[in-house]
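Keep the sequence and the 3D view open while reading.

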Amino acid sequence: MIKVQNLVKKFGDFTAVDSVSFEVKEGEIFAFLGPNGAGKTTTIKMLTTLLRPTGGSLEVDGIDPLLQKNEARKRFGVVFQDPSLDGDLTAYENMELHGIFYHVPYKVRVDRTQMLLQQFELWDRRNDRVKTFSGGMKRRLEIARGLLHTPKIIFLDEPTLGLDPQTRNQLWTHVKHLNETERTTVFLTTHYMDEAERVAHRIAIIDHGHIIALGTPQELKQQTSTDSLESAFLALTGSTIRDEAAGSADQLRQMAKMWSKR
Amino acid sequence: MKVIYIMWLRELRRYTRSRAQIVASLGQPLLYLLALGFGLGPIFEKAGQGSYLQFVAPGVIAMSVLFTSVFSGIGLLWDRQFGFLKETLVAPVPRILVMIGRTLGGATVAVIQGILIAVICFIAGLRVHNFALIPLAFCFMGLIAFVFASLGMAIGSILEDMQGFQLVMNFLVLPIFFLSGALFPLVNLPFALKLITRVDPLTYGVDALRGTLTGAGHFSIGFDAFILCILATVFLTTGSYLFSRIQA
């Protein structure tokens, strides 16, 4: 379903993704794990047509996302790591906009919006502006929105960041259900090893832009002779803490915080 | 088509929800109207040019349309910052539709803003020479708004942070306004200034508004419309090209 070969992305002198290759089969839940700054988000951004790779080839459902951007975009849904909601619109309006962007028929859109907002306990607040929401609520809305249309592939970039255990549980139940009933291919990144172990069929561990291990959770544990995925992860990536350079968007966000009280 | 509509609607929803911003953006044009219209009025009249308020009012209307539309385009920067831009960039719709919807939305907001200022100008004493031409004046407001909303989008597509915004403000938007003939007549100018006013896109917008509202245009209305249409096409094409190349 997803085929990546010798993918490279350089930002100036810095190589964020260094000749990465892997394949994700149809109907598979594939987890991409790695420390901060390992290249996970950069890879997702290239797969979802947001960044142009420096080299290598990509294939999403038999389509090259570099050449046929729109065809590729029709096949996937994304939940981003950082916020992508419009704070001046209400929760319902954000869902509406998404539904129209993804060509969801009106009836289906209205039904699914209600179903998802209820499931993620946002229905009572549907007519409130998103900027009045707490961090957790925004995150929940983001996920509900990502599930509004039913794409063939769904990319989840650290979807559970900052969520309480209840919502995390909801999310993974929903994702597993989608995967089992509609054979949706799932490509996810997370820092919670227990989640990856629970839902993922196969796991790739990436560090410093390289894939350093790939296999089922069982295989990874055997390979490192450890008894949990967490220990396996630490054995493979070491225990030094990584710094992530703040991008221009983060800097801008800080500027805005200085100037506005919101 | 629906994509254009929903992006247009979004801009309008955002506008109607920020009442503080509406009031704030009326402040500056009002100040110009007051300080220049009434302050410079007596001198202008002594120089034998008639009422300055009558002269400057179309310029002030054009100014508010200019500022609102350019800023709506540069609002792309805020979408980038708050992340909403990504949502529109990965959607399976041609980016040009997103861009057109946004531009139309920004232009509509700018026209509403322009009409508000026009109403205030009437109250302050602007006398319209031919009421039948008022709809035409609105059309020109729309055209000006569209030209500069596209320009704003083009700029917003390449800017990455707020520092760039200051540059654009000081070296593009303000010069476009001050050198457009909004504040002074286009006759008897030094050669260099004359040249600059002729390449300033807003010159033709102000002139068209002056022509339709007070009947005192420098060029013909048809010529103004022609130039503005060309500019709209050029900026929209450039804008959509740059917008289609955005990476996030």
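## Two chains, two builds

Chain A holds ten helices and nine strands. This is a predicted model. Chain B is built otherwise: twelve helices and zero strands. Read along the sequence, its pattern is α-α-α-α-α-α-α-α-α-α-α-α.

The table sets out the overall figures for each chain.

| Chain | Residues | Radius of gyration | Span along principal axes | Buried residues |
|---|---|---|---|---|
| Chain A | 262 residues | 18 Å | about 50 × 45 × 40 Å | 40% |
| Chain B | 248 residues | 18 Å | about 60 × 40 × 35 Å | 50% |

In chain A, 68% of the contacts between residues at least 6 apart join residues at least 24 apart. In chain B, residues 24 or more positions apart account for 81% of the contacts with a separation of 6 or more.

## Domains and the nonpolar core

Chain A is divided in two. Domain 1 covers 1-75 + 152-158 + 179-262, and domain 2 covers 83-150. The centres of the two domains, taken over C-alpha atoms, are 25 Å apart.

Now take the largest nonpolar core. It has 140 residues, and B:Ala62, B:Leu66, B:Ile144, B:Ala145 and B:Val147 touch the most other members. Helix 4 of chain B, residues 52-74, gives the largest share of this core, 15 residues. Domain 1 and domain 2 of chain A both give residues to the core, so it lies between them.

B:Val147 is worth a look. Neighbours within four places in sequence aside, B:Val147 is in contact with B:Pro201, B:Leu228, B:Leu231, B:Ala232 and B:Phe235.

Helix 8 of chain B runs over residues 134-158. At 1.5 Å a residue, its 25 residues should span 36 Å; the end C-alpha atoms are 37 Å apart, which agrees. Is helix 8 of chain B mostly covered or mostly open? It is mostly covered, with 19 of its 25 residues buried.

Helix 6 of chain A spans residues 165-182. Its 18 residues reach 25 Å from the first C-alpha to the last, close to the 26 Å expected at 1.5 Å a residue. After helix 6 of chain A comes A:Arg183, whose phi is positive, near 55 degrees.

## Positive phi in two loops

Most residues other than glycine have a negative phi. A:Asp61 has a positive one, near 50 degrees, and is not a glycine. A:Asp61 sits in the loop between strand 4 (55-60) and helix 2 (69-73) of chain A. With 18 other C-beta atoms within 10 Å, A:Asp61 is partly exposed.

A:His208 also has a positive phi, about 50 degrees, although it is not a glycine. Its place is the loop between strand 8 (202-207) and strand 9 (210-215) of chain A. A:His208 has 16 C-beta neighbours inside 10 Å and counts as partly exposed.

## Where the chains meet

A:Tyr102 lies in the loop between helix 3 (91-101) and helix 4 (106-119) of chain A. Is A:Tyr102 buried or exposed? A:Tyr102 is buried, because 20 other C-beta atoms lie within 10 Å. Residues up to four places away in sequence aside, A:Tyr102 touches A:His149, B:Ala91 and B:Pro92. A:Gly77 is 25 residues from A:Tyr102 along the chain, and their C-alpha atoms are separated by 9.1 Å.

Notes: Residues numbered from 1 in each chain as written. Chains lettered and ligands numbered in written order. Predicted model: local features only at pLDDT ≥ 70, side-chain atom pairs only at ≥ 80, totals over all residues. Core = buried A, V, L, I, M, F, W, Y, C linked by C-beta atoms within 7 Å. Buried ≥ 20, exposed ≤ 12 C-beta atoms within 10 Å, placed from the backbone. Helix = DSSP H or I, 4+ residues; strand = E, 2+ residues; numbered from the N terminus. Domains from an automatic or database assignment. Contact = placed C-beta atoms within 7 Å. Rg over C-alpha atoms; globule rule 2.2 N^0.38 Å. Expected span 1.5 Å × (residues − 1).
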